[in-house]
Amino acid sequence: MGLIMRRRGLNDRTEPGNDKAAKYWIFVFLMANTLKITVFNLLLIGIYSLPVFLYKASITFLMVAIIYLMIFSIKSRFPYIIFYTVQTIYILINLAYFTYFRSYLHLAQAFILFSESSGAVRDWSILMNPKLLVPFLDLPVAIYIIVIYSRIIAMTNIKHRVQKWFLVFCSVLLIGAIEISNYVHHYSIVNIVKASSSTSELLVIERYGTFMDSLTDMVINKNVNNMISKLKYGKPISGKGTITGNSSKSNFVIIQVESMDSNAVNKQHNGQYVMPFLHSLALQNVYYPYTLSYHEAGGTSDSEFSTLNSVEPLSDYPSIMINDYAYPNSLLKQLTQNSYSTIAFHGDTGSYYNRNEAYPKMGYQEFFDLIRMGLKQSGWGAPDEAVFNYSGTKLKDEKQPFFSYTITMSSHGPFTNVNNYYNNSNYDDVTDQTAKNYMKSMSYVDQALEDYINYIKANFNNTYVIIWGDHTPDINKSEYKQASFTEADRYFEFVPMIITTPDHKKYTEDKIAASFLDVAPTIINASGVPFFIHSDGMDLLNRTTVTNQIPYRGGVFDRSLLFAKVSQIK
C-alpha cells in the first residue's frame, strides 16, 4: 500500500495539470512579492505617482524573478523559507524604523544600533502602525508555495529548465539595459557613489531599493573622516566675556524630555491642561512654542548632539557613535575651560548610543546613568521622579557654577512606562489608546517637572533652567495631533523650549521657529564667559541678532514660514 501511494504521489507531481498549476502559483507569488517590495519602497520615498510605481514594480519583478527562480532550483524548501523570512523581517524592521524616525536605516547603522533596537523591541517601545502590515501582504501565497514546493522542484524536464533560465537571462539583460540608460542620464548608482551625496537616497531607493542604498552608504561612509566632513558647523561667533571670577557665574539646569511635542504644553482635555505646570511656566518665562528638532539617524541622541555641539547631525549615521570624533565645537569644552562643572543624568543605561564613551569626549566631567545612580528599570528606564531626585541631591553638593543636563525616559513610546507607577483616570474616556497613554504620560512628567524645578529654584538662586522635548511622539489622531509636517521631501517635527532666567525674563515667541542649533549660542552668551564657536543658531535671549534661516537636511528654511505652517496644526 505504501509503495502504491508513493508511486501515485510521484505521478501526481509530474502530471501536466500539476505543472501548469505550479507555474501559476509561482507567478502569483512573484507578483505578490513584487507588490510588497514596491509598496514598501514607495512608503519610504513618499512618491505615489503611476510612472514611479510602474518603474519600481518592473525593476522589482525582474530582481524577484532572478532570485526566486534560482532558489526554486534547490530541492530543499528550507533555503526558500529562510530567504523569505529574512526578507520579510528586513522589510518590517526598515519600515518600523522609518515610521518612527522618518529616516532610512542602513545595514551598517543597524549593526551598530543592535542593542538599542533590540531594547526597543524588548520593551515594545515602537508604536504599532497599519503600515507595518505591508511585509505580510504576500504571506498567504508564500505559505502555499511551501505546501506545493515538491511540485515546483518536480518540474525538471528540459522544457521547464529552458523556460526558467531563459526568463532569468532576459531579466538580467533588461536590468543591464536599464542601468546603462541610467548611467547615460546620470541616474546610475555609479554616478551617485561618485558624487558621494547622501541627499540622493530618495533616488537610490526609487531606482534600486533599500538594500542597494545601504551598500551605497557603506561605500560613501567607509571612513570616519568622510562622515566628519559632512558636519557643517556654521559661521564663527565669539564673545570676550562679561563676567570675571566664579561667584557671579550662573548655573544651568537642562532638562531634555522624552517625546514632548510642541502641542503637549497647550493640550487640554475636558477643559483641563494635560501639563498645567509646564503651561503656566511657559507663559511666565521665555517660551518658544515651536523649536525644530533634529531627529535623524541617531534617534534621541541627535538632540544632545545637535544642542551641545550646535551642528546638525548626520541623516545616514548615528553622529554620536562616530569613532575618533573629538567634538571640536562642543559647548561643554567652552564651559569647562572657564571653571564650570559639567554633569549629565540619564534614566537609561549609558551604553545606549555609546553615551558612556561620547560624553567624556564632549566635555562632561561626570555622567550618571541608570546603573551608576543605582536606580531600577520600571518599564523602559527609571521613573523621571527618581532621576530628578537623584539629580537634585547630587547638584546640592556640586561645585558651582555647574552645567547639568538631565534626559528623561518615563514618556518614551508607546507611553506605557508610567502605568507601572502612576495612576490618573482623567483620560479614561480617550478612545484612542496611544493618545490616552501619551496624555497620561505627559501628565506624570508635568508633576515630576514641577517638583524638580521648584526644588532647583529653592536651592539655587543664580540659575537658568532650560526645558525642551527631544522629538515628537508620532501621534496624529483626532484626539491628539503632533506638531509636524512633511515638505520638500523632508519631515519637520517641533518641540517646545522654555527658559527660566535669574532675572525672571518673560517673553512668548509668536512669529518665528527656534531650532536645536540655537541652544549653544543662548547658553554660552548667558554664561558670560569668553568663547569662540561656530553656529548657524541664534541667541534666544537676545533678539537683536536674528538668523532668519535654519539649515535642515541639505536645505535652508525660513523661521517665520516654518512657524506659520506648524502653528496651524492643533
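**Entry 1: Glu304 and its partner**

I looked up Glu304 and found 0% relative accessibility, so I noted Glu304 as buried. The model is predicted, and I read it as such. Which residue does the side chain of Glu304 meet in a salt bridge? I found Arg355, with N to O at 2.5 Å. Glu304 sits in helix H15, while Arg355 belongs to helix H17 (residues 355-362). The two are 51 residues apart, and the pair links distant parts of the chain. Is Arg355 buried or exposed? Arg355 has 2% relative accessibility, so I put Arg355 down as buried.

**Entry 2: other salt bridges**

I then searched the whole structure and counted 8 salt bridges. I noted the general point that side chains of opposite charge can pair when their charged atoms come close.

One of the bridges joins the side chains of Glu296 and Arg553, at 3.9 Å from N to O. Where do the two residues lie? Glu296 is in the loop between strand S5 (286-292) and helix H15 (301-309). Arg553 is in the loop between strand S15 (549-552) and strand S16 (555-558). That pair spans 257 residues. I checked Glu296 as well: its relative accessible area is 1%, so Glu296 is buried.

Next I took Asp432, which forms a salt bridge with Lys477. Their closest N and O atoms are 3.9 Å apart. Asp432 lies in the loop between strand S8 (402-407) and helix H20 (433-459). Lys477 lies in the loop between strand S9 (463-469) and strand S10 (484-487), so the bridge ties together parts 45 residues apart in sequence. Lys477 is partly exposed, at 35% relative accessible area.

**Entry 3: helix H7**

I turned to helix H7, residues 139-147. Which of its residues are buried? I listed Val141, Ala142 and Ile145. They cover an arc of only 105° around the axis, which means that they share one side of H7. On the face turned away from that buried side I found the exposed residues Pro140 and Val147.

**Entry 4: Asn94**

I looked for Asn94 and found it in helix H4 (residues 78-101). Asn94 is buried, with 6% relative accessible area. What does Asn94 touch, leaving aside residues up to four places away in sequence? I noted Phe40 and Leu105.

**Entry 5: the whole chain**

Last, I looked up the totals. I recorded 22 helices and 16 strands. The chain has 570 residues, and 55% of them count as buried. Among contacts with a separation of 6 or more, 75% involve residues 24 or more positions apart. The chain exposes about 24,800 Å², and carbon and sulfur atoms supply 61% of that area.

Technical notes. Residues are numbered from 1 along each chain as its sequence is written. This is a predicted model: local features need pLDDT of at least 70, side-chain atom pairs count only at pLDDT 80 or more; totals for chains, interfaces and linings use all residues. Side-chain values use heavy atoms; hydrogens and water are left out. Buried means under 20% relative accessible area, exposed over 50%, partly exposed in between (1.4 Å probe, protein chains only). Helices (H or I, at least four residues) and strands (E, at least two) are DSSP runs, numbered from the N terminus. The arc is that of the directions from the helix axis to the C-beta atoms. Contact means heavy atoms within 4.5 Å. Accessible areas come from the Shrake-Rupley method with a 1.4 Å probe; for residues, only the protein chains shown count as cover. A salt bridge is a side-chain nitrogen of Lys or Arg within 4 Å of a carboxyl oxygen of Asp or Glu.
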